[in-house]
Amino acid sequence: MSLGIRSLWRARGCTIYVKGLSLIPREQHVPALLQRLGSRRCLSATPRDTKTRIAQRIILAQHTRLVKGKLPSPYIRALLRQATRRGSSFHPKGIALVKRPVRYPNKRKSYRSLRNHRRSVSKQYLYDQARRAALKPEVTLRSTVEFLLRHTPEFGEPLHFRIVIGKGAAAEARELLSGSDMHLSQICRKNESVIRIEEIRREGDGELVLGLFGSEDSVRGSLQDIVSVVGKITAVRIPDPTWKALLQDVWNKAPGERPRIRLLGNGEVAVDDKTMTVQTWFSDPVKYKDYRLTRRADELATPTEWTKASFEKYVAALVHGRVPTHLALSLYPNPPGHQETVISLLVDLFASEHARSATSVSALKMALNFIQSSGVGFHHAARTIFNLAELLTFPMDAEIFDIFLVGASKAGDLGGFNSILKMMVRKGHPPQSRAWIAFMEMLQDPMAKRGVAARLISKRLNHNPSILRAIGKQMAPVDLEHRLAGTFDACEYLEEQDKKYGVGWLDTITLNKIVEVFGAHEKLEACNALLDVVFTRKIVTPNAVTLNTMLTHARSLPQQVVMMRSTLTWRPRVVPDAVTYHLLFRAAWKRRSPNVLRVVWRYATLANLTTSKMRHTLTKLLEQERDLSARRTFLKTWEDVIFGQAELAELRATHGDLNAQHLMSTYVEKAGGMIPSVGLAAKLDEAFTMDVKLHKLLKEGTVISASDREAFSVEIPLGPKPGSPECMLSAPKESQDVAE
């Protein structure tokens, strides 16, 4: 009987539709029946589905993915899941690009690491099959490293310059260098240099003095860009007679009138980074932020007149619009969705003739960044826009190629990365630090990372601050995992890393990755010791991500409360963000702690840092009356403690369908611009203590009536914001750690 059931279960269900697939791409290939049926049924595994057949089907699926309505993305995801399940039998050639499985103390984390390893193996095997099917030559890791080293200019000794823009050109320089395409920050990113304002002499019509720092090539490129924009420049530099002749060709290449050059004598020295930064006359570079989009992308109004500014603003409106989850289905009921619609509009925009003259470099980079971050399936759209820009003889720079390198790195495509590098060199743009950063992020094998880092150091490329920080970000977690087996000394670890890679390898991002390693291995005491040393030496400043990483790896709510108390005492203080409140809310919800929920909910509301999941959960708690789980039944009983007894009674008398938004409006209105006068960490400790007392009484059988629940609610006093006229000088210091 069991044999018959097993045979029936393994029967071939719908393989005839999969057999119909051909390796010749066609526009209308997937039958309508396949679209009506679920992809799970049509992809039932059979003994005839070999590794090669799976790879061929995924290659075909990726080739025809963007044909609108022809190949649904669930079909592709099902193919990838099928390949991942068989990933243990794959043997890819790019072993260095495969994530290695790590055994953690937590079983769930170990399983997640193994699953990522299998997915990485499957992805590299599919890349190998695709290159074999396209008859492309094999690309090795060694050849890519040699190519990078051969064409990357050496950083050499850092150079410091002072650039003095004369009185007659200062006003023009301030206007021209604040444009969208030639702002100082754009020049810095393009040439990988550092330009800071030293002073503006005699405001209005005086000279403008800039400080320039970087390698020889970056300094030459920055000077040429500034000269080409401003025209007349007086340059002052560190005394070195050999540079006078070497820099002469920079001025000769500048268009227009030859600038007047003035070199400083031996007595003048370039200032360091601390004294360079002052108030500037320049407007800050335009930084577009994500915004909430409540309509379709193709319904956005196009500019009546295409200029560089209007073109850039329209592209920013397309790529930075974020459609809320609850509106996505109503706005896009049928494919294509929001992402596909935006990419299609971008391709049409850059291909249109009426907007061709208004295209800017900033808009091009913005569009390419968005498309590259959307996934491998859309990379061909980015190549289409790039080809259109080349046909228009658009001024390309290394930063545009770096966008493609980052996309290939995230996809783990070594062949694509190598092709972009070769094209970059053919166009006359040598690889810069961002190319090395993308390459190191693509590597997954620790030995391969160590080899690349050693080659960079041997060529003295670690003198470049960007490459040095990239080496630290990739190697610090790897080196740390080898030290966690024994005793860990924070000071010794930092000194050893400084000797290996050089001073300056540690930044906030690297610190957060190190904290992640500590948390995954459940070494929170060693993590606190490292953070204490970092704070004492003032190396870097932890941020909210550091705090959230530690909270994520905490096992229970008591540990999180202790972390909040210890973390928020750092100087400068770490300000909690929306993720912090969400993590605390989730832990308090699981532990059934009404007072902790009360504090987290009220503080997050007054700081305007509530999350959609938090609001949805509390709205369901307010609305649901029947079929409650044990946890929801308990929290429903104590809802007046969570939301406030007076506020809850007042709103239920005036609103029929009460939700979390009504409570938030009431809290903000009653606060009147004030904030909690007690710090979040202290109030969390008080609330947790109250909940422990409450659960102890309930466990002993004590009956607490509704009228007595007010006595088991922690008070949340309010006070004026620090710095406001109403703020008293005796305000508690710990109130400043509340996010404003």
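Are Phe 417 and Phe 439 buried or exposed? Phe 417 is buried, and Phe 439 is buried as well, where buried stands for under 20% relative accessible area, exposed for over 50% and partly exposed for what lies in between, with a 1.4 Å probe and protein chains only. The model is a predicted one, in which local features need pLDDT of at least 70 and side-chain atom pairs count only at pLDDT 80 or more, while totals for chains, interfaces and linings use all residues. Residues are numbered from 1 along each chain as its sequence is written, and side-chain values use heavy atoms, with hydrogens and water left out.

A search of the whole structure finds 13 aromatic pairs, a pair being two rings of Phe, Tyr or Trp (its six-membered ring) with centres within 6.5 Å, called stacked if the planes are under 30 degrees apart, edge-to-face if over 60 and tilted for the rest. Two of the tilted pairs are set out here.

| Pair | Centre to centre | Angle between planes |
|---|---|---|
| Phe 417 and Phe 439 | 5.7 Å | 35° |
| Phe 488 and Tyr 493 | 5.6 Å | 50° |

Phe 417 belongs to helix H21 (residues 414-426) and Phe 439 to helix H22 (residues 433-442), so that this pair links distant parts of the chain, 22 residues apart; helices here are DSSP runs of H or I with at least four residues, numbered from the N terminus. Tyr 493 is buried, with a relative accessible area of 0%. Elsewhere, ring pairs join Trp 306, Phe 311, Tyr 314 and Phe 350 into a cluster.

Notes. Helix = DSSP H or I, 4+ residues; strand = E, 2+ residues; numbered from the N terminus.
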